[in-house]
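Take a look at the sequence and the 3D structure below. Keep both in view as you read.

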Amino acid sequence: MGRVSVRNVSRKFVKDEVTQTLALENIDLELEDKEFVCFIGPSGCGKTTLLRIISGLDTPDQGEVFIDNEKITSPGPKRGMVFQEYSLFPWKSVIDNVIFGPQMGGVSKKDAMVEAEKYLELVGLTQFKDSYPHELSGGMKQRVAIARALANEPEVLLMDEPFGALDAQTRNSLQHELLSIWQKKHLTVLFVTHSVDEAVYLADRIVMFTARPGRIKEVVKVDIPRPRDRTSMEVNRLRNHLLKLLSEEQQK
Amino acid sequence: MVRVGFQNLKNKGVEILSIISALVIWQLIAVYVVQNKFFLPSFTDVSLAFVSVVSRQVDFPLSFLSFSMDIPLPVLVVDLLFSMMHFLIGLIAALAIGMPVGMLMGWFRSVDRIFDPLIEIVRPIPPLAWIPFAIIWIGLNPFGAGFVIFIGALFPIIINTFTGFKNIPRIYVEAAKVLGCNTDRDLIRQVALPSALPSIVAGVRIAMGVGWMCLVAAEMFGVSKNGLGFKIWHHYYLHNMDFVLVYMLVLGFLGLLIDRLLRYYLEGRFLKWRTGVVM
């Protein structure tokens, strides 16, 4: 199960006694199991911070995060994460990157290898399993990063603008692949993005953040059936609505 | 094969010409200008001296546990073996102590704060200034010489290991954490060490260079009757300046060779993944 509850979370960054930034203020959010949720908001609004708090890499100053009623205090293998930067270990080959998580969890190398092949197949990179990260393109690196996160069989997959650094075509095809992976696996996905198009194409629900300090401005339910047509009337209507909300925030 | 070799030689024409010209000029100056074998031995004097140290044999006392025997070997080879022994004692000790210290300082802020002031005070002391204490603490034996080389090699290893650990990209540590690698021990072994390895290898190279520089002085104070550095002083006292120059050149070439071997071996073996990243 992957039910995520964020309860009254605030996070303040203290530089020195005078300069403090309130990144998140009183965030309350409930995510259903197997839901695909996108976070969107003006840059610097704390959406990445919230994701990091849910992953356990950051701790809130106030409030708590629960996954299936279990409080999160530190990072753990039940929450996979895909970063915006390329995070593959450059000293490990593709397959060794993918088996890293399972091996840390005590799975034997032989069993992990067999499993890892499946995940590489899922992202279409079986033939590159012995390559090193520097030999891969940006899109391929992020595919491996997804396979590596999935190899731990997480209940929640946290994605921090994973396709932000990719070109438009690669991004579109990876969005499509991500949806098909999400439909095959039992996964709750939390996806931070700055692209309205991306959010509308992917999400069950879109959480819109205000400008700093980040608060939830609106939660938009997306009822358009998948596969979604990126240029249909209803998609455009929703995009229009979201863009309006976003520009309200950016003008503040 | 021969043709490829010939092609290589042809491409290196300028370099080869440069070396040959230097040798010719040296020979001419020594024979016609200086005209004093003590002041400047000529290239031919040095070559003859080299032949002599290679052809003359002495017994090398090999002992291993209770087993011991004397093996006749050329003088130069015996000196080389003794020097390598001193060098390796120092270097291995420096690695065994410097790497863990550098790693702990780089990983734990508190360890850094404890060791940093001490290291900064001791580090500027030239390794050769430790010779009196090397003699008193350890005595006139190979370990005494090794100690001086150890001091020279220790700090580059500590500092480069430390720097490597300080510069680990945070993203790798965070990626490892969310994948379930959470203890300090696992993070150091799985992430920090491989990520810092290029810097550590660079430190070992510097350390070997400094250690090699310390070798002559380390052997000077009479730790053994053999060794490349010892022989420089030995022949100086005998006024055999051609032999002094032979040992100087051997030290130079050997230093070069060790550095090249290390580069090709370590970088080929451990740092393959870096091709295309930095170099």
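## Chain B as a whole

This is a predicted model. Chain B has 11 helices and 2 strands. Along the sequence, the pattern runs α-α-α-β-β-α-α-α-α-α-α-α-α. The C-alpha trace of chain B spans about 75 × 55 × 40 Å along its principal axes.

Chain B holds 279 residues, and 31% of them are buried. Now take the contacts in chain B between residues at least 6 apart in sequence. Of these, 65% join residues at least 24 apart.

## Two crossing helices in chain B

Find helix H3 (residues 43-55) and helix H11 (residues 241-270) of chain B. Their axes come within 8 Å and cross at roughly 75°. An angle from 65 to 115 degrees counts as roughly perpendicular, so H3(B) is roughly perpendicular to H11(B).

Which residues meet here? From H3(B) come B:Asp45, B:Val46, B:Ala49, B:Phe50 and B:Val53. From H11(B) come B:Asp242, B:Phe243, B:Leu245 and B:Val246. By class, this contact has 7 nonpolar residues, 2 charged and no polar ones.

B:His235 sits in helix H10 (residues 228-237) of chain B. Is B:His235 buried, exposed or partly exposed? It has 19 other C-beta atoms within 10 Å. A buried residue needs 20 or more, and an exposed one has 12 or fewer, so B:His235 is partly exposed. Leaving out residues up to four places away in sequence, B:His235 touches B:Asn240, B:Phe243 and B:Val244. B:Tyr247 is 12 residues from B:His235 along the chain, and their C-alpha atoms are separated by 9.4 Å.

B:Leu193 belongs to helix H9 (residues 184-220) of chain B. With 18 other C-beta atoms within 10 Å, B:Leu193 is partly exposed. B:Gly98 lies 95 residues from B:Leu193 along the chain. The C-alpha atoms of B:Leu193 and B:Gly98 are separated by 14 Å.

## Helix H4 of chain A

Now switch to chain A. Helix H4 (residues 109-122) has 14 residues. At 1.5 Å a residue, H4(A) should span 20 Å. The C-alpha atoms at its ends are 20 Å apart, so the two values agree.

Where do the buried residues of H4(A) lie? They are A:Ala112, A:Ala116, A:Tyr119 and A:Leu120. Seen down the helix axis, they fall within an arc of 95°, so they line one face of H4(A). An α-helix has 3.6 residues a turn, so residues three or four places apart point the same way.

The face turned away from the buried side carries the exposed residues A:Lys110, A:Asp111, A:Val114 and A:Glu121. Just after H4(A) comes A:Gly124, with a positive phi of about 75°.

## Where the chains touch

How many residues does each chain give to the contact? Chain A gives 22 and chain B gives 15. On the side of chain A, strand S6 (79-82) and helix H3 are the elements that give two or more residues. The residues on that side of chain A divide into 11 nonpolar, 9 polar and 2 charged.

Notes. Residues numbered from 1 in each chain as written. Chains lettered and ligands numbered in written order. Predicted model: local features only at pLDDT ≥ 70, side-chain atom pairs only at ≥ 80, totals over all residues. Helix = DSSP H or I, 4+ residues; strand = E, 2+ residues; numbered from the N terminus. Expected span 1.5 Å × (residues − 1). Arc of directions from axis to C-beta. Contact = placed C-beta atoms within 7 Å. Nonpolar A, V, L, I, M, F, W, Y, C, P; charged D, E, K, R; others polar. Axes fitted to C-alpha atoms, helices over the stretch in contact; angles between N-to-C directions. Parallel < 35°, antiparallel > 145°, perpendicular 65-115°, else oblique.
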